[in-house]
Amino acid sequence: MQRREFLASTSLAGAVAIAGCNSLFETESVRSVPDVVEDRPDAVYFPTHVEGMEMIGMTAAGDYTIGLMYSFPHRFWTVTGTTTEKVSIRDKDDIHLMASVWDDETGTVLPVGSGLSMTVEQDGEVVTEKPPWPMISQNMGFHYGDNFALDGEGTYDVTLDIGSMNVSKPGPFEGRFEESASGTVEFEYSVDERDGLRFETFENQQGERGAVDLMEMEMAPVSVAPEPDAMPGDHLTEATSGDAVFQVTAVRDPSFTDGSGTYLAVSPRTPFNRVPLPMMSLSGTVERGGEPRFDGALSKAVHPDIGYHYGALLDGIESDDAVTITVDTPPQVSRHEGYETAFVEMDPIEFTVS
C-alpha cells in the first residue's frame with residue numbers, strides 16, 4: 001500500500017470536551033479483545049467493540065494544526081488494491097497513537113499527500129520512528145495511526161513531520177499548504193491512565209449492518225462530508241457502490257471553475273457517518289447525444305465547502321447527458337473494524353442528468 005498519500009475531509013462535527021470523548025464509553029475498562037466476527041457482510045457493520053481515546057495535545061505546524069491522541073493498541077486492516085490484510089496487536093505494543101491534521105480557519109481536515117511521520121523520543125533519545133497509516137474508523141473518522149511500543153512509563157516527545165498537500169486546492173486553499181512543517185507534542189504516559197480508558201462491546205449488534213456514531217470533540221474537527229443539500233452546485237445524483245455513497249454535483253462557482261465551464265464534483269463517503277473516502281482513483285465519461293464530451297481522470301481535491309472529493313472541469317453539463325463514474329482503484333486507506341469488508345469491490349456508477 002502507498003503510505004505517503006492521503007486524505008481530507010470537511011467540517012467541524014460538533015462539540016464536547018475531551019472528557020466527553022471518554023463519556024461515550026460507559027462500561028468498565030476491558031483488556032480482553034473479542035474475536036473478529038466470522039460472518040461479516042461485505043458492507044459496513046457494527047464492530048465487536050469500540051475503545052475510548054484521550055487527547056494528548058495540539059500544536060501549530062506551518063499552515064497546519066495537528067491534534068495527537070492515543071488509545072489502547074488495536075487491530076486494523078491495510079489495503080493493497082482489492083486485498084485487505086489484518087494487522088494484529090503485538091505483545092510489545094503499548095498504545096495506538098493517532099494524529100489529525102486540519103485547517104484551523106475552516107475546520108477542514110486536510111490531506112497530507114506527501115506523507116506524515118511520527119518520531120517518539122524520551123530524554124532526547126529516539127524510542128521509535130515510523131510513518132503512521134492513513135486510516136478510517138467509525139468513531140473517529142479519518143486519521144493517521146499505528147500501534148507503538150514505548151519504553152515504560154514517563155514523559156515522551158512526539159514529533160510529527162508533515163509534507164505538503166499534493167491534491168487540487170480550488171478556492172480559498174489555493175496557494176496554501178505548499179510547505180512541509182513539523183510540530184512536537186509532549187506526552188506523559190501512564191499504564192494506569194491508559195487502562196482507565198473506557199471500552200464498550202456490542203455483543204447484540206456486532207456483525208449487523210450499521211455503524212458506531214462519530215465522537216465529537218470541541219478541540220478538534222472530525223472528518224465528515226456535507227449533506228447533499230449543503231454541497232455547492234446542482235445535485236446530479238446519489239448512488240451506491242461497494243456500500244459507499246456517492247454524491248455528485250455540477251458546480252459553476254468561479255472558485256471551482258476559474259470563471260468558465262462546469263466543475264463535476266464527486267464526494268464518496270461512508271454510509272451512516274458520512275466519512276469521506278480517500279485515496280481512490282476515479283475516472284469518468286460524459287456523453288451527449290452519443291458523442292463523448294469528457295473522458296478522463298477525476299483529480300483528488302479539497303475545498304472547505306465539500307472537503308475531500310474528486311473533481312474535473314468540464315466545458316459544461318446538460319440535461320440528458322449520460323455520465324459514468326468508474327472506480328479504477330478503491331480507497332487505499334487502512335480501516336478499523338467495521339469498515340474492512342466494505343469499499344473493496346466497487347461497480348461503476350451510471351446516470352443520466354435530469
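The model is predicted. A search of the whole structure finds 2 cavities of 30 Å³ or more, and its largest nonpolar core holds 83 residues.

**Cavities**

- By class, the lining of the largest cavity comprises 6 nonpolar, 9 polar and 3 charged residues.
- The second largest cavity has about 30 Å³ of space.
- The residues lining the second largest cavity are Met69, Ser100, Met140, Phe142, Met217, Ala220, Pro221 and Val222.
- This lining divides into 7 nonpolar residues and 1 polar residue, with no charged residue.

**Second largest pocket**

- The volume of the second largest pocket is about 150 Å³.
- Its lining has 13 residues, of which Ser168, Pro170, Ser255, Phe256 and Asp258 are the closest to the centre of the pocket.
- At least two lining residues of the second largest pocket come from each of α3 (254-257), β19 (291-303) and β20 (307-314).

**Nonpolar cores**

- Within the largest nonpolar core of 83 residues, the members that touch the most other members are Leu68, Leu97, Phe187, Phe246 and Phe343.
- Strand β6 (residues 95-103) supplies the largest share of this core, namely 6 residues.
- A second, separate core contains 7 residues, among them Val251, Tyr263, Ala265 and Ala301.

**Contacts of selected residues**

- Leaving aside residues up to four places away in sequence, Phe343 is in contact with Val44, Ile136, Gly242, Asp243, Ala244, Thr270, Pro271, Leu277, Pro330, Pro331 and Arg335.
- Ser117 belongs to strand β8 (residues 116-122).
- With residues up to four places away in sequence not counted, Ser117 touches Lys130, Pro131, Pro132, Thr159, Leu160 and Asp161.
- Ser117 and Asp295 lie 178 residues apart along the chain, and a distance of 36 Å separates their C-alpha atoms.

Conventions
Residues are numbered from 1 along each chain as its sequence is written. This is a predicted model: local features need pLDDT of at least 70, side-chain atom pairs count only at pLDDT 80 or more; totals for chains, interfaces and linings use all residues. Side-chain values use heavy atoms; hydrogens and water are left out. On a 1 Å grid over the protein atoms alone, a cavity is a set of points where a 1.4 Å probe fits but cannot get out, and a pocket is an open set with protein on both sides within 12 Å along at least five of seven lines; lining residues have an atom within 4 Å of a point. Grid points are joined across faces, edges and corners, and a volume is the space filled by probe spheres set on the points. Helices (H or I, at least four residues) and strands (E, at least two) are DSSP runs, numbered from the N terminus. Ala, Val, Leu, Ile, Met, Phe, Trp, Tyr, Cys and Pro count as nonpolar, Asp, Glu, Lys and Arg as charged, and the others, Gly among them, as polar. Contact means heavy atoms within 4.5 Å. A nonpolar core is a set of buried Ala, Val, Leu, Ile, Met, Phe, Trp, Tyr and Cys residues joined through side-chain atoms within 4.5 Å. Buried means under 20% relative accessible area, exposed over 50%, partly exposed in between (1.4 Å probe, protein chains only).
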